[in-house]
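Good morning, colleagues. Please take a moment with the sequence and the structure on the screen before we discuss them.

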Amino acid sequence: MMTKTLAKQIKEIAEGNGQKDIAEKFLSRLKERSLTRDENTQTHFCVYFLPFNPEMKQVFIGDHKKSGLWLVPGGHIDQGENLFAATNREISEELGVANYFSEIPKPFLLTITHITNERQSCKTHYDIWYLMETNGSNFQVDFTEFHQVKWLSISEARKYVTDSSTLKSFEKIEKLYT
């Protein structure tokens with residue numbers, strides 16, 4: 001039942017997001033089923049949330065231990081979860097903030113990330129991005145995930161971030177807030 005809910009949520013997001021090329025790839029991947037890492041370790045759907053302080057115009061990034069990259073928080077959707085549950089769980093695990101969203105917001109971006117890091121079994125992530133407007137005052141970061149974390153302006157964050165999907169999220173935020 002929950003897998004059908006997740007598939008329906010992803011389909012609705014893909015069809016309504018305005019990114020035609022990405023939407024087609026998301027819809028094609030949905031047809032393969034096995035949407036979570038538990039079901040398919042190679043290719044699956046993930047949620048990312050971009051902590052952004054609109055007053056300071058800063059993003060929150062971390063030096064992610066497993067990937068070896070500077071990234072924003074996020075992660076895999078677990079089997080049996082819908083997008084709301086996965087997003088709130090990941091926020092709780094990585095930032096120590098329980099039930100941040102009272103309802104799932106509309107994603108601001110979809111990306112597909114091809115992973116070349118040999119330490120990870122994942123090869124392709126279908127990423128659903130949510131904006132998390134916050135000053136981070138209630139964060140209790142889980143340092144089992146990150147070596148270190150920083151709040152930086154987007155231009156400063158670009159000096160650390162090389163991941164194309166994260167860089168796309170920065171571009172999108174700049175367009176929304178300038």
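How many bridges join strand 5 to strand 6, and do the two run parallel or antiparallel? Please keep in mind that this is a predicted model. The answer is six bridges, and strand 5, residues 109-114, runs antiparallel to strand 6. Within strand 6, the residue opposite Leu110 is Ile128.

Strand 6 also pairs with strand 1, residues 43-53: here the two run parallel and are joined by 10 bridges. Thr43, for example, has Thr124 of strand 6 as its bridge partner.

Is strand 6 enclosed or open? Of its 10 residues, 124-133, nine are buried, so strand 6 is largely enclosed by the rest of the structure. For the chain of 178 residues, the buried share is 50%.

Let me turn to the overall fold. The chain holds five helices and seven strands, and their order along the sequence is α-α-β-β-β-β-α-β-β-β-α-α. The radius of gyration is 15 Å, close to the 16 Å that the globule rule gives for 178 residues, so the chain is as compact as a globular protein of that length. The C-alpha trace spans about 40 × 35 × 30 Å along its principal axes.

On contacts, among those with a separation of 6 or more, 66% are between residues 24 or more positions apart.

Definitions and conventions. Residues are numbered from 1 along each chain as its sequence is written. This is a predicted model: local features need pLDDT of at least 70, side-chain atom pairs count only at pLDDT 80 or more; totals for chains, interfaces and linings use all residues. Side-chain values use heavy atoms; hydrogens and water are left out. Helices (H or I, at least four residues) and strands (E, at least two) are DSSP runs, numbered from the N terminus. The radius of gyration is taken over C-alpha atoms; the globule rule is 2.2 Å times the number of residues to the power 0.38. Buried means under 20% relative accessible area, exposed over 50%, partly exposed in between (1.4 Å probe, protein chains only). Contact means heavy atoms within 4.5 Å. Two strands pair if DSSP finds at least two bridges between them.
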